[in-house]
Amino acid sequence: MRARRRTTVLAATLLLALGAGPLTAPASAAPAPASAPGTRGLDTRALRAALAGLPDQDATAALVRVGGRDGTWHGSAGVHDLESRRAADPDARFRAGSTTKVVTAAAVLKLAAQGRIDLNRPVQRYLPGLLGRDFRPITVRQLLNHTSGIPAGDGLGNSFEELYAHRFDTLTPQQVVASAAAKGPEFRPGCEQHYLNINYTVLGLLIEKVTGQPYAAAATELVLAPAGMRDTYFPGTDARIRGPHNHGYQAVRRTDGTTEFVDVTEWNQADRFAAGDMISTTADLERLLTSLFRGRIVPQPQLREMFTVPAHVDGATYSAGLQRFEYEGRVYWLKTGGRYGYNAMIAGTRNLSRTLVYSVNSTDAKAEGMNPVAQRIAMAALK
């Protein structure tokens, strides 16, 4: 049994970039306190260099928060938008992409702690008829750790141009699941690991069925409110980002060889649902990370699911909502997210000795490989 590897592998991209040289200073940064004797401390010079030169061809803005026992550091760089060129808002909201899955996983595990969901029970028992007869029983746990075997659902296009043309259209989660179910199973449940949004789309429907509330209301009550995430919300069919935000752009190559930066800030992301339709801030995602890891949202027995990868699947790295990543002798548990115009990541050691949250306004957020600016940030923060 094996894990299907995504073409974007964080470990590989970080290691390939170890030779990157220093750059100049960022737009603004909060200094880190001195490290205690015996700690590795934060490389604040590398963090400042990671944000230097924005906006550039890779990103128009970046917001970073690093924390833990070794000190704290906050930085921002770039512009609010390419027209005004005014400084990026360090407290801006942004599309958090697949970091939404951390909230969804936490909500499911909290419901499990309350006895309202059994992780070993087939999801077909909760949502009869959702997948059809071709699918073997799939447990809730297998959805959480991406070993379900449900294939990807359809979207509103395959290329950026197709998707952009439909950016104000609505594709419901039910339609996404129906398109996936029509394809039949990809593999037998529990035999492989394939990271796909569809697993968390189904979990969102499960949350709605069990709680009797819309996903957004249930996730807010179960996770966002206990974590103190007051600037985070789920926009649904609303294409806007409410409140202060920096614009997102996609670089598009013209036929004459020049590059156009298309504003992609407004976009209906309803089809991402419980897998990626969340708007947040770096401060709120840091609150989520620390509250969750300290057991303030999910009780410890269920929280262990977030730090357990399926041992029987070769090469598995995903747990419930997170991914295990080892770098420079430390094990981090992280989640990345990418929507057009925005890349995000939350990461931390299990004991919170080092944490990282960033939002990078990438000009090619869905490209293969890690955004160069995000890569520099991760290298500087996690070593």
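Glu-305 touches Leu-109, Leu-119, Arg-141, Ser-319 and Ala-320, leaving aside residues up to four places away in sequence; contact here means heavy atoms within 4.5 Å. The structure is a predicted model, in which local features need pLDDT of at least 70 and side-chain atom pairs count only at pLDDT 80 or more, while totals for chains, interfaces and linings use all residues. Residues are numbered from 1 along each chain as its sequence is written, and side-chain values use heavy atoms, with hydrogens and water left out.

Glu-305 is found in the loop between α12 (300–303) and β10 (323–327). Helices (H or I, at least four residues) and strands (E, at least two) are DSSP runs, numbered from the N terminus. Glu-305 counts as buried because its relative accessibility is 18%; buried means under 20% relative accessible area, exposed over 50%, and partly exposed in between, with a 1.4 Å probe and protein chains only.

Thr-336, in turn, belongs to strand β11 (residues 330–339). With 25% relative accessibility, Thr-336 counts as partly exposed. Its contacts, not counting residues up to four places away in sequence, are Ser-98, Thr-99, Ala-344 and Met-345. Along the chain, Thr-336 and Tyr-358 are 22 residues apart, and their C-alpha atoms are separated by 9.5 Å.

Attention now turns to the aromatic rings. Searching the whole structure finds 11 aromatic pairs. Rings of Phe, Tyr and Trp (its six-membered ring) pair if their centres lie within 6.5 Å; planes under 30 degrees apart count as stacked, over 60 as edge-to-face and the rest as tilted. One of the pairs joins Tyr-215 and Phe-234, which is edge-to-face because the ring centres are 5.2 Å apart and the planes stand at 70 degrees. Tyr-215 lies in helix α9 (residues 215–227) and Phe-234 in the loop between α9 and β7 (249–253), so this pair ties together parts 19 residues apart in sequence. Tyr-215 is buried at a relative accessible area of 3%, and Phe-234 is buried at 13%.

Trp-267 and Tyr-340 form a stacked pair, because their ring centres are 5.3 Å apart and their planes are at 15 degrees. This pair links distant parts of the chain, 73 residues apart: Trp-267 is in the loop between β8 (259–263) and α10 (273–276), and Tyr-340 in the loop between β11 and β12 (342–349). Both residues of this pair, Trp-267 and Tyr-340, are buried.
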